[in-house]
Amino acid sequence: MTETLDQPTEQGVSGAEIRLEKVTKKYPNTAAPAVEEFSMTIPAGKVVVFVGPSGCGKTTTMRMINRMVEPTSGVITIGGQDALSLDADELRRGIGYAIQQAGLFPHYTVAQNIAVVPGLLKWDKKRIDARVEEMMDLVGLDPGTFAKRLPRQLSGGQQQRVGVARALAADPPVLLMDEPFGAVDPITRGNLQDELLRLQSELGKTIVFVTHDFDEAVKLGDKIAVLGDRSSIQQYDTPDAILANPANDTVAGFVGAGASLKQLTLMRVRDVQYHTDEVLAVGDHERPAAVAEKLTKAGRVYALVLDARKRPQRWVHVRELAGRQDLSTVGKPVGDSVSVQSTLQDALEAILTEGGRAVVTGNRGELLGTIDIDTVTSVIANVREEHAGDEA
Amino acid sequence: MSLWQYVAERWDRLSLQAWLHVSGVVQCVILAAIIGVAVGVLVYRSSAGSAIATALSSTILTIPSFALLGLLIPIVGLGVTPSVIALTLYGLLPIVRNTIVGLAGVDPAVSDAAKGIGMSRVGVLSRVELRLAWPAILTGMRVSAQMLMGIAVIAAYAKGFGLGSEVFSGLTRAGSANSLNQALAGTLGVVILALILDGIFVLISRLTVPRGIRD
């Protein structure tokens, strides 16, 4: 396994490292173990996603970390402490746990649900109340509106938020998430994923996330572990590396078609070399004849008209300038533009709709440059080359 | 003498019998609930255990109450003891069955989450599973109570408590003065008490079923 991940993190890491060594789970009366000699180090403060087909043992593997499933053999340490020697209930109180259906207690209010683990840890009431409020703010639920609501009065997405808040309430260093967003609609799911990333950038927990959705893994994971039968590790690497260079056919099959397109979701416009001098930018007060002259001099056919605050307005072809008095109605308006924060996937979309070249703008909408299809293809080619030598 | 006059004249005795009837039934229901919920908790995780417990408590119900009392008398003697044993046994089935159904009906995700966030086995059971199964258990107790109100009449044969003695002495003296009034007073008394008790159960359910799982 290669360690390509270790960029220093900007924010504090409150997570703990998890180590699994030759962890095996064998159920009685079955020939093959469900999980066989699984060894992995999950770095502190990182999101590691287990992906694999149904029944591959990924959930069982995750559940052994908090001993919802007792390992048959092997060693598990969390932050250096032997998880198997602790009292199982106490161990679980120190590990956040969020599951697919949220599993909220229907007879408790939202606030009571979130307060369960602090209550088990015997925090005093004032501290619990303050913490509940803090957690509700953290997951974007207004305490005044939602604290007294019952789970059945919440939408699926809100229930998941409460589930995450409950899991984080006692500030555990480690969070286990078993397909937590599996049962919500795609739009809510996307929002919840974004929120999790935002939360994680603030909290720096060690998160083990199980899913069968590879796109979700790419989006959320600092590292992805693609698991096969009996939880065998097919590849354990960054999303980038797995997309660029799948270790074997199983991984390639799981990555599926469109690996390059998925790769584009990982990179942002600011990370690539977009063009800053490929188009001729002109102010909207310039005279058409002067612009035509500039274009001819520069040997270009298109000019980009900017407003007074340098925001791109229109594309103008040199032929359209003849006989015009001002630039405000000439040419066609700029449609889709991308910002430096946009993913390359968004950029590609804009390039396709704009017909070959999309405008890149800064935070205030000002022109920074343009990006074209060649930029995108060369970026993909570079990444492939970079990972071609990786031993997976 | 009209039934109304009969009741008014013998109010002291009848009201005492009525009180003993209700109180005996309620105590037997509570006893049956304690045993029934315990049995339910022990077996609900295994389908074989659940099936056996339900079958056994159903079997008890098929024994005619008259015969069960008769069989208990040589063992424990006459009086309150055989009545309480018989009533408690009869009261078990609805409670055992409803406890099993209630506990098995708890969303597995909820139980899993409860355990996963660090509740002990007892905590999961007492704070989550039994609380969620409570409406079903209470319904079982309600059915038991209705059933036992009727069966308790038979307990008079073993010299047990309650209005049964009125019904039986009225029936054995059939034809003599006030025999019909006596039997009617006892029977109607049981019916009225049963309705009142049922009302009390509705009230208890209102007060004890958590808001989040009320229909």
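Guide: Gladly! Let us begin with Ile204(B), which counts as partly exposed because its relative accessibility is 33%. Buried means under 20% relative accessible area, exposed over 50%, and partly exposed in between (1.4 Å probe, protein chains only). This is a predicted model, where local features need pLDDT of at least 70, side-chain atom pairs count only at pLDDT 80 or more, and totals for chains, interfaces and linings use all residues. Residues are numbered from 1 along each chain as written, chains are lettered from A and ligands numbered from 1 in the order written, and side-chain values use heavy atoms, without hydrogens and water.

Visitor: In which helix is Ile204(B) found?

Guide: Helices here are DSSP runs of H or I with at least four residues, and strands are runs of E with at least two, numbered from the N terminus. By that count, Ile204(B) belongs to chain B's helix α9.

Visitor: About how much accessible area does the nonpolar patch with Ile204(B) have together?

Guide: Nonpolar side chains (Val, Leu, Ile, Met, Phe, Trp, Tyr) are joined within 5 Å, and like charges within 9 Å. Areas come from the Shrake-Rupley method with a 1.4 Å probe, and for residues only the protein chains shown count as cover. This surface patch, with Leu180(B) and Ile192(B) among its members, has together about 610 Å².

Visitor: Is strand β12 of chain A largely enclosed or open?

Guide: β12(A) covers residues 302-306, and four of its five residues are buried. The rest of the structure therefore leaves this strand largely enclosed.

Visitor: Which residue in β12(A) is the bridge partner of Val282(A)?

Guide: Strand β11 of chain A (residues 280-283) runs parallel to β12(A), joined by four bridges. Two strands pair if DSSP finds at least two bridges between them. Within β12(A), the partner of Val282(A) is Val305(A).

Visitor: Is Ser231(A) buried or exposed?

Guide: Ser231(A) sits in the loop between β9 (223-227) and β10 (233-237) of chain A. Its phi is positive, near 60°, in a residue other than glycine. Most residues other than glycine have a negative phi. With 1% relative accessibility, Ser231(A) counts as buried.

Visitor: And what is the relative accessibility of Lys122(A)?

Guide: Lys122(A) also has a positive phi, near 65°. Its place is the loop between α4 (116-120) and α5 (125-138) of chain A. Lys122(A) counts as exposed because its relative accessibility is 70%.

Note on methods:
Patch = residues over 30% accessible without salt bridge, like charges linked within 9 Å, V, L, I, M, F, W, Y side chains within 5 Å. Salt bridge = Lys/Arg side-chain N within 4 Å of Asp/Glu carboxyl O.
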